[in-house]
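Trainee: Could you take me closely through one part of this model, the packing of its interior, and go slowly enough that I can follow each step on screen?

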Amino acid sequence: MRVTVLSKLICGLAGGSAFLVTVADSKGYLERLWSGDTKGAAFTSVLQAARPPQTAALDHVVPSTGAAWDNNWDKRDPLTVLNGKKKIAHESTEEEELEKCKAKATRHILLIRHSQYNLSGTVDKERILTTLGREQAELTGQRLAALGLKYNILVHSTMTRATETSSIISMYLPDVESVSCDLLREGAPIEPVPPISRKPDCVYHEDGARIEAAFRRYIHRADVKQTEDSHEIIVCHANVIRYFVCRALQFPPEGWLRLCLNNGSITWLTIRPSGRVGLRMMGDSGFMPPDKLTRT
């Protein structure tokens with residue numbers, strides 16, 4: 001018995017694990033094995049040192065920030081919608097009217113970052129997709145088609161790299177309507193924290209207002225008239241997507257620069273009728289071979 005337990009203990013230590021030591025000691029095996037033996041006592045002290053540290057840090061609880069979820073973050077809470085209605089039927093009760101103002105469908109918003117493009121271009125029209133970028137867009141289009149979802153619309157930024165990416169994706173989704181939107185153009189949404197190279201305040205002021213307007217237009221719970229769940233694709237840019245995610249999840253928007261996205265990646269937001277928001281995937285590009293991954 002002594003040899004067997006000792007062998008297991010030594011093997012455990014050799015493997016870099018103190019698990020067997022801890023278990024053996026908790027059952028009193030060590031003291032029974034080595035009681036009265038000075039060599040055994042010395043070895044026991046070594047085994048004791050191999051225990052996981054029992055420190056206060058293990059019991060540390062991260063304090064809550066106290067920030068509560070804002071149920072009316074998109075200004076589409078049923079009570080807000082009801083108060084905004086011009087007319088209320090006299091024969092209806094307030095509860096019935098509130099029920100009519102509740103969203104019934106879930107919106108799935110798939111945010112696609114454009115593919116790799118020509119970084120040496122000095123103006124937007126020269127910043128076309130590279131050969132690899134076109135391959136990435138095809139892989140993204142194939143992935144979206146393979147998901148087998150019923151897409152309602154494809155919206156894309158008017159910048160060349162996003163327009164080209166959207167055009168290639170559309171080849172795999174021929175029945176999905178495609179429209180462009182200037183609000184989705186790349187920019188600096190808000191000064192990041194921690195800061196990086198300093199940009200003039202006017203850049204954040206102008207770009208931020210536009211990107212926030214895009215957020216309000218596209219990221220919200222379903223309209224009360226929508227009865228079926230929807231799947232919408234938005235092809236745009238890394239800064240826009242990162243800002244959208246932070247805002248939708250009610251994380252500090254200044255943290256947008258801490259997130260990273262590969263070219264052609266898919267980020268999936270889900271907005272429930274209650275206004276709850278979920279992030280089903282962030283920057284997914286696992287459908288691309290490793291040699292096709294870029295983050296330019």
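Mentor: A nonpolar core is a set of buried Ala, Val, Leu, Ile, Met, Phe, Trp, Tyr and Cys residues joined through side-chain atoms within 4.5 Å. Please keep in mind that the model is predicted. The largest such core here has 25 residues, and those with the most contacts inside it are Leu111, Leu184, Tyr218, Ile219, Ile234, Phe244 and Val277. At least two residues of this core come from each of β1 (107–113), α9 (201–218), β4 (230–236), α10 (238–248) and β5 (266–271), with α10 giving the largest share, seven residues. If you centre the view on Ile234 and set aside residues up to four places away in sequence, you will find that Ile234 touches Ile109, Leu110, Leu111, Ile112, Val155, Leu184 and Tyr218. Apart from this core lies another, of 17 residues, among them Leu139, Ala162, Ile169 and Val176.

Leu139 leads us to helix α7, where it is buried along with Leu132, Gly133, Gln136, Ala137, Thr140, Gly141 and Leu144. The cover over the buried residues of α7 includes β1, α8 (160–172), β4 and β5. As a check on its geometry, the 16 residues of α7 (residues 131–146) should span 22 Å at 1.5 Å a residue, and the end C-alpha atoms are 23 Å apart, which agrees. Just after α7, Gly148 takes a positive phi of about 70°.

Helix α8 also holds Ser170, which counts as buried because its relative accessible area is 18%, and the cut-off is under 20%. Leaving aside neighbours within four places in sequence, Ser170 is in contact with Leu154 and Ser178.

Note on methods: Residues numbered from 1 in each chain as written. Predicted model: local features only at pLDDT ≥ 70, side-chain atom pairs only at ≥ 80, totals over all residues. Heavy atoms only, no water. Buried < 20%, exposed > 50% of the residue type's maximum accessible area, 1.4 Å probe, protein only. Helix = DSSP H or I, 4+ residues; strand = E, 2+ residues; numbered from the N terminus. Contact = heavy atoms within 4.5 Å. Expected span 1.5 Å × (residues − 1).
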